[in-house]
Structures are given as structure tokens and as C-alpha cells.
Amino acid sequence: MKNLKIALSHLFSQNGKNFIFVTDTQSLYELDEDIYAVLKAIHDTEDKLVPPSTFDEGTEEELLACHVLVNADDIREDRRRVPEDFIPQIRVGNVLLQIANDCNLNCIYCYGSGGSYGRKREMMSWDTAKKAIDYMVEHCADQERLLVTFFGGEPLMNFPLIKQIIAYCDEIRAKTGKKFSYSMTTNGTIMNDEILDYIKRYRISTMVSMDGPKSIQDSYRCYENGCGSFDKIVPNIEKLKKVRGNHLTVRSTVCRPDMDMCKIRRELLALGFTNVVMSPVDTDPDSPLFVGGEYSKDLIESYRKLAEELVEEAKKTGRIDNILFSKAVESIYNRAQKIRSCTAGRSGFAVGSNGLIYPCQRFMGMEEYAVGDVDSGIDPEKIKVYFHATVVEKESCPDCWAKYLCGAGCVHTAVSQTGDPMKAPLDYCETYRTIYEIGLYIYSELKAFDDSFFDKLFKPTKQEVVC
Ligand code: SF4
Ligand code: SF4
């Protein structure tokens with residue numbers, strides 16, 4: 001006798017439609033009302049076992065073929081565990097350099113405490129930058145293209161060092177054939193012809209941090225004297241866009257009370273940006289800006305409205321203009337099983353202006369999470385945890401329906417909210433699962449609109465999506 005149960009999955013309804021998303025196959029199916037009600041009732045039980053004769057033979061066969069139902073005796077433990085005694089090889093493929101541990105702005109939510117990460121304000125030295133680049137080149141194995149990110153504080157406060165690094169990378173390329181790509185996150189307030197020329201010549205992928213229209217920007221992102229930064233940035237947007245081939249991404253931090261993402265996005269697009277990345281503020285729950293906890297329902301509502309707007313736009317443009325949703329949708333399209341969310345601590349590292357090496361920029365200033373320094377290199381023992389932090393091993397992830405869309409989440413968020421990189425931050429998980437559910441809805445709407453919509457948008461790939 002078959003011992004059937006409902007596979008790890010998520011059942012949800014939106015705009016009068018009922019869906020099931022099957023985790024292992026990353027497949028989304030629309031269900032009719034009756035089947036949905038039966039599946040939902042079983043799904044809500046603890047063991048999710050299907051009582052005999054629940055479905056007629058044809059329906060049961062169909063549900064088995066779609067992997068909505070599985071034979072409970074066939075479920076095996078996921079074997080993709082990293083062995084306990086595993087010692088990582090040091091491999092560095094992308095390095096983020098904290099060019100300046102200082103910032104000319106003093107944003108009220110800055111996790112870097114005004115750009116200085118609670119340390120003395122300083123510029124990275126040439127000696128530190130050179131050692132960091134040399135370390136990456138020596139430890140990149142056979143990776144041909146290496147990524148250097150200029151970060152701060154505000155990296156353009158130390159533009160001379162950026163020029164020196166690029167010149168040095170050019171020398172390395174001439175000697176070794178290694179190619180370098182560059183990216184930079186800037187607040188957009190410091191700009192001149194020479195900087196623009198470098199951005200153009202070296203194709204520095206540039207992301208501007210800006211929160212929205214003048215009223216929002218000037219209340220969150222001010223200079224130390226309290227003056228807003230909006231008027232300083234606006235003239236630079238068109239210049240930057242021109243040197244970036246008419247393409248410019250803005251990263252907006254969403255804070256309470258200004259949580260209307262549709263409005264913020266429209267205003268940023270009207271200023272000239274071509275791509276808007278929006279992230280909820282990462283701040284203390286006691287902060288008046290905090291959007292988690294009791295406020296997360298407002299955040300979700302805002303995401304739902306944004307999703308409706310994105311769907312209507314995508315029908316006209318053929319694009320999904322939001323990185324969070326487009327990555328989720330791409331992952332569903334590719335049926336990719338993302339088991340980690342990013343390269344932090346495995347092949348991606350951040351080097352502080354003082355030469356300490358961290359798993360990523362978010363850890364800068366948390367010295368207990370430094371994994372080495374540019375003189376002695378990375379300690380393999382200290383990066384082991386970043387190999388273990390997968391959906392297979394992290395607490396709560398193996399049974400989470402969204403695990404392959406999430407990839408075990410951000411390690412830094414886990415550390416800052418639970419104190420343990422191997423624990424899932426449950427508040428964050430709740431919010432993100434709902435965001436992924438909205439991503440599934442976007443997928444289904446666009447697929448229904450045009451069955452080949454995603455074939456035109458994405459190239460099929462099995463690659464891991466990187467943060
Ligand atoms: S971090 Fe949370 S949302 Fe992400 S896979 Fe783990 S349990 Fe799921
Ligand atoms: S997802 Fe988190 S840990 Fe990974 S790079 Fe981004 S901030 Fe760092």
C-alpha cells in the first residue's frame with residue numbers, strides 16, 4: 001500500500017487564485033478550488049500524510065507526476081552536508097576594499113556608524129590595498145576574471161587610491177593575463193570629469209545609494225551639518241548615466257514611515273535612474289525607522305502593491321525591474337537549488353581600511369568575525385562556518401519551503417539577529433517567505449500572460465545566484 005504524503009511545499013492564494021509551490025522541483029501549479037482545499041487541509045496536519053482514497057486514481061497519478069505527492073518511504077536525507085572535518089582551501093575571487101573608512105554624509109540609519117564602523121576615520125593605505133590585491137591574485141586558483149569592489153564609507157573620498165589600484169591591476173593583467181572587473185557603491189555626492197572618465201574607461205559598475213525624492217533623501221541622508229544631499233546628487237545622475245551606457249542603478253533603503261515603495265520607485269525612475277534596488281533598513285528594533293516586527297505587515301503590503309505595478313510594467317517592457325523579485329523569478333524559471341545565498345567567507349571577502357579581512361562588508365567593525373588580515377592571510381578555521389551555512393545544515397532551513405529561493409539567507413543577518421550564523425532569524429524568515437510568495441505570484445501572472453515570457457528574459461542556467 002502506498003504511503004503518500006504532501007511534499008515540502010507551500011500552498012497560498014492571491015487575487016482569487018490558488019497555488020502550490022513544490023520546493024524540490026521549484027515548480028508552481030495553479031489549483032482548482034476543490035483540490036486546493038483538500039491539499040491545504042492535509043498540509044496543515046503535522047505528518048502531512050494523505051488518507052487512503054482521498055483522490056481518485058487519475059488525480060493521484062497527476063499529483064504524483066508533479067511531485068506534489070511523494071511516497072513517504074522514498075524521502076531521503078539530503079546528503080549535501082559539508083563533512084565536519086572539512087578544511088577549506090583558500091580561494092578568493094572577489095574582494096571588496098574599504099577604500100575610505102570615512103564618509104562625507106552622516107545617514108541616520110548607517111550600519112557603518114557614519115561610514116567609520118565605530119573606528120577612527122581613516123583612508124585605506126596603498127600598502128594595504130596592494131597586499132589585498134596580491135593576496136587575491138595568489139589565491140584565485142584558475143579564476144580568470146577577478147572582481148574588485150570599491151566601498152566605504154564613501155570610496156570617492158579616496159579616489160587617488162582607486163586610480164593606483166586600477167593601474168596596479170592593469171600591470172597584473174599584462175603579466176598574468178588575469179582580467180579585472182570593478183564595481184563601486186557611492187553616495188553620488190562627489191563627482192568630477194576625471195572620476196567620470198575612470199568610470200567610463202574601466203567600466204566601473206556603479207550603484208548610487210539614494211533613498212527617494214528630496215523630502216525623503218534629505219531627512220535620511222544628510223551631511224554632518226544637517227544639510228540634505230539631494231541637490232548635490234541630482235546633477236550627477238545624468239552624467240553617471242551617460243558614462244554607464246545609459247544605465248544606472250540606485251539602491252534605496254526603505255525606512256518607516258516612508259514605506260510606499262511604488263511611490264519611491266517612480267520618483268527615483270523620474271530622476272533618471274534605470275534600475276531601482278530597494279532594501280528594508282537594517283537597524284535596531286528600537287529605532288523609529290525599523291520596518292520589521294509589528295511593522296512588517298505594512299512592508300509586505302507595500303511589496304504586494306509594488307508587485308502589481310511590476311507585473312503591469314513587465315507586460316509592456318518584457319523586464320522585471322526589481323532585483324529581489326527578478327532573482328526569485330529567475331530561480332523558479334531555472335529550477336535552481338540555491339543552497340547558499342552568497343559567496344561571503346568562501347570566495348568573496350571584504351578588506352577593511354585597517355587591513356582586517358571579513359566575510360563581507362556587513363561584518364566590518366565586528367572584529368570577532370574577522371577571518372584574517374592582509375599580512376597573515378585568511379585562517380581556514382575561521383571560514384569553515386561559511387561553508388556549513390547552507391539550507392542543508394542551518395537550523396530551520398531544511399524544512400523551509402522557500403529554502404532554494406532564499407539559500408539560507410544572509411549570514412550577517414543571522415549573526416546580528418540571533419548571534420549565531422547557523423541559526424535562521426525567524427522574523428526575517430517570515431518576512432522573506434512572504435516576499436518569495438509574492439515573487440511566485442509575479443511568476444504565475446507573467447507566465448499566464450505570455451508562456452514564453454521568461455524564455456525571452458532569462459538564459460537557462462544552473463549557476464548559483466550570488467548576492
Ligand atoms: S534562512 Fe529562513 S527563509 Fe531562508 S531558508 Fe532558512 S528558514 Fe527559510
Ligand atoms: S547576503 Fe549577507 S553575508 Fe552575504 S554578502 Fe550580502 S550582506 Fe554579506
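**View 1. The shell around ligand 1 is made of 9 nonpolar, 2 polar and 3 charged residues.** Ala, Val, Leu, Ile, Met, Phe, Trp, Tyr, Cys and Pro count as nonpolar, Asp, Glu, Lys and Arg as charged, and the others, Gly among them, as polar. What you're looking at is a predicted model, where local features need pLDDT of at least 70 and side-chain atom pairs count only at pLDDT 80 or more, while totals for chains, interfaces and linings use all residues. Residues are numbered from 1 along each chain as its sequence is written, and chains are lettered from A and ligands numbered from 1 in the order in which they are written. Which of the 14 residues around ligand 1 come nearest? Look for C397, C400, C406, G409 and C429 (near means a C-beta atom, placed from the backbone, within 6 Å). Helix 12 (403-406) and helix 14 (426-449) are the elements that each give two or more residues to this shell. Helix 14 has the largest share, with 3 residues. Helices (H or I, at least four residues) and strands (E, at least two) are DSSP runs, numbered from the N terminus.

**View 2. Here helix 14 shows up again, this time crossing helix 10.** Helix 10 covers residues 323-334, and its axis comes within 9 Å of the axis of helix 14, with a crossing angle of roughly 65 degrees (axes are lines fitted to C-alpha atoms, for helices over the stretch in contact, and angles run from 0 to 180 degrees between N-to-C directions). The two helices are therefore roughly perpendicular, a label for angles of 65 to 115 degrees, with under 35 being roughly parallel, over 145 roughly antiparallel and the rest oblique. From helix 10, pick out L324, F325, A328, V329 and I332, which meet I435, Y436, G439, L440, I442 and Y443 of helix 14 (contact means C-beta atoms, placed from the backbone, within 7 Å). The residues of this contact divide into 10 nonpolar, 1 polar and no charged.

**View 3. Helix 3 (residues 126-138) crosses helix 4 (residues 159-176).** Their axes come within 10 Å and cross at roughly 35 degrees. On the helix 3 side you'll find W126, A129, K130, I133 and V137, and on the helix 4 side L161, Q164, I165, Y168, C169 and I172. By class, that makes 9 nonpolar, 1 polar and 1 charged residues.

**View 4. L268 sits in helix 8 (residues 261-271).** Is L268 buried or exposed? L268 counts as buried because 26 C-beta neighbours lie inside 10 Å (20 or more is buried, 12 or fewer exposed and in between partly exposed, with C-beta atoms placed from the backbone). Setting aside neighbours within four places in sequence, L268 touches M210, G212, V250, S252, F273 and V276. Y202 is 66 residues away from L268 along the chain, and their C-alpha atoms are 26 Å apart.

**View 5. Two cis peptide bonds are picked out here, G152 to G153 and R256 to P257.** For the G152 to G153 bond, omega is near 10 degrees, and G153 lies in the loop between strand 9 (145-151) and helix 4. For R256 to P257, omega is near 5 degrees, and P257 belongs to the loop between strand 12 (249-254) and helix 8.

**View 6. Q26 and R203 have a positive phi without being glycines.** Q26 has a phi of about 50 degrees and sits in the loop between strand 3 (17-22) and strand 4 (27-31). Q26 counts as partly exposed, with 18 C-beta neighbours inside 10 Å. R203, with a phi of about 45 degrees, is in the loop between helix 5 (193-201) and strand 11 (205-209). R203 has 14 C-beta neighbours inside 10 Å, so R203 counts as partly exposed.

Note on methods
Two residues are in contact if their C-beta atoms, placed from the backbone, lie within 7 Å.
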